[in-house]
Amino acid sequence: MTGAQRLKCGTGGDVRSDMEKNNREPEMQEEWIKLEQYGIPKGEFIVTELIQDCEGTKVVLDDEKDRVEIFFDGIPVLVRNTVEGMRMGTWGAVQSKYADQSFFRDTILFEVKNSKLVQWCVEESCGFYEADELRHYCIVTGEELVDIVAAFEPTVKIGPMQASL
């Protein structure tokens, strides 16, 4: 099979995944929703820990004064950690869609509706998962983006930097 030939599970046709289409299309279909209900303080956070074990998946961030733990109780379908340079296309498309060059400033937790990543997960699972049962969360810092696709919401704990939550 050549790189141009891609099979969708259960078909014999030549299909290109929506995930492979460039997110910089003029009409970006994803909706990036700022999850402000968790009360995460504004700051220049960095990811200091990304742990996945039998208890769940935990992302710990700090900005030298506050510590934030975002915890998924269980194993998410997908966890992807990338440096911000790998996601410049998405970053620019989102800023362009919302006409806001500061869209990612001061917010670190987003839910992505109509997510291409969720579509890819559904395609790859060959029907095991349906798009309406999965949620795409994205943790955005100045240095990296952590995408998490899960069937459940995270819990968020916030405290001073010195405290272990």
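A salt bridge is a side-chain nitrogen of Lys or Arg within 4 Å of a carboxyl oxygen of Asp or Glu. The model is predicted: local features need pLDDT of at least 70, side-chain atom pairs count only at pLDDT 80 or more, and totals for chains, interfaces and linings use all residues. Residues are numbered from 1 along each chain as its sequence is written, and side-chain values use heavy atoms, with hydrogens and water left out.

**Exercise 1.** Find which residues form the salt-bridge network around Arg-135.

Solution. 
- Start with Glu-153. Its closest N and O atoms to Arg-135 are 2.8 Å apart, a salt bridge.
- Glu-153 sits in the loop between strands E8 (144–150) and E9, Arg-135 in strand E7, 18 residues apart. Strands (E, at least two residues) are DSSP runs, numbered from the N terminus.
- Glu-111 forms a salt bridge with Arg-135 at 3.8 Å, closest N to O.
- Collect the members: Glu-111, Lys-113, Arg-135 and Glu-153.

**Exercise 2.** Classify Glu-111, Arg-135 and Glu-153 as buried, partly exposed or exposed.

Solution. 
- Set the cut-offs: buried is under 20% relative accessible area, exposed over 50%, partly exposed in between (1.4 Å probe, protein chains only).
- Glu-111 has 10%: buried.
- Arg-135 has 31%: partly exposed.
- Glu-153 has 46%: partly exposed.

**Exercise 3.** Determine what Arg-67 ties together.

Solution. 
- Find the partner. Glu-49 meets Arg-67 in a salt bridge (3.9 Å, N to O).
- Locate both. Glu-49 is in strand E2 (residues 46–53) and Arg-67 in strand E4, so the pair joins parts 18 residues apart in sequence.
- Arg-67 is buried at 13%; Glu-49 is partly exposed at 28%.

Terms used
Helices (H or I, at least four residues) and strands (E, at least two) are DSSP runs, numbered from the N terminus.
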